[in-house]
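Please consult the sequence and the structure alongside the text.

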Amino acid sequence: MTEDPLERIEREEREKKNRNGSLKTATIVLAVAALALGGALAWIWSQKSSLVNELEGEKQELTQQLLNLQTDFETLNSDYESINSQLDTSREQVALLIEKLSKTEATNRAKIRQYEKELGTLRSIMRGYIVQIDSLNTLNKKLTADAAAARREAAESRQANENLTRQVENLSGQVAAGSVVKARGLHLDAYNGSDRTTDRSSRVTYFVATLSLVANEIAEHGPIRVYVRVKDPNGIILLNSSSTDFTSGGETMTASASREVDYEGQDVEMSIYIKDMSGLGKGIYTAEAYTEKTFLGRCELMLR
């Protein structure tokens, strides 16, 4: 059936209007989408810039903390060579960390966090150095004070020894001079496990007390036993398997060791061993020698 020309024209105009409307709608939709996309891109860019600025700030703060730590290490010194060597190593580590940080992008968060951990480790090391130096300085002051006290005690002991010697001589003068056996040159030495003399308390394994019984023709001849009492810095008698009790001048005492010799009125040089010594402390050790009749003398030994 043939379409009426008038109806055909009206139909084509309606179709044209529909196409124009669809095209306008599509254009509006695309424009809105473009605006939305632009806004989203602008927001993303803004957020990225803000994050970058924040990371740059964190990097600058970390750099400043490292520079402060570097200054702290530079100003920290000690009087001990081993610690100074360790300090030099730590200073190099700080300088290297500053250099690595300067070459690292602020956006490399993994590296930045790693450097923060290394900063914490170096700070802990710094605190350890400070504690160690303070402890050594305190110990050094104590040792200096102990040495001064030991010198004073040694002087007092020498004075006391002189006083005691005078007292013994005065008492001896009240007895028949010819009946008393005297001694001279009482000396105490410490030995290590290699049988060498030492002044280090930690290495001592035994002591040797040496003295000479003085010649006296009118003194009683025959066997005579000499007793040695060794006292530690606290005044405690050192004992071992050779220790024994004895009586001298009416007083019962304990000897660290003793030895019997045959005295025939002539000089007799003798040594008495005080064995099995260990765990000794630092300070002044005192040795006293006796017979059952008299006090022979006293001497001192300083151990470090």
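Contact here means heavy atoms within 4.5 Å. The model is predicted: local features need pLDDT of at least 70, side-chain atom pairs count only at pLDDT 80 or more, and totals for chains, interfaces and linings use all residues. Residues are numbered from 1 along each chain as its sequence is written, and side-chain values use heavy atoms, with hydrogens and water left out.

**Surroundings of Lys-59**

- Lys-59 belongs to helix 1, residues 5–75 (helices are DSSP runs of H or I with at least four residues, and strands are runs of E with at least two, numbered from the N terminus).
- With neighbours within four places in sequence set aside, Lys-59 is in contact with Leu-101, Ser-102, Thr-104 and Ala-106.
- A polar atom of the Lys-59 side chain lies 2.6 Å from the backbone oxygen of Thr-104.
- Lys-59 is buried (under 20% relative accessible area, 1.4 Å probe, protein chains only).
- Lys-59 has no salt bridge (a side-chain nitrogen of Lys or Arg within 4 Å of a carboxyl oxygen of Asp or Glu); Glu-56, the nearest side chain of opposite charge, is 5.3 Å away.

**Strand 8 and its partners**

- Strand 8 spans residues 283–290, and eight of its eight residues are buried.
- Strand 8 pairs with strand 3 (residues 222–231) in the antiparallel sense over five bridges; pairing requires at least two DSSP bridges between two strands.
- Strand 9 (residues 295–303) runs antiparallel to strand 8, joined to strand 8 by eight bridges.
- Tyr-285 stands opposite Leu-301 in strand 9.
- A hairpin of four residues links strand 8 to strand 9.

Notes: Buried means under 20% relative accessible area, exposed over 50%, partly exposed in between (1.4 Å probe, protein chains only). Lys and Arg count as positive and Asp and Glu as negative; His and the chain ends are not counted. A polar contact is a pair of N or O atoms within 3.5 Å; within protein, one must be able to donate a hydrogen and the other to accept it, and residues adjacent in sequence count only if both atoms are side-chain atoms.
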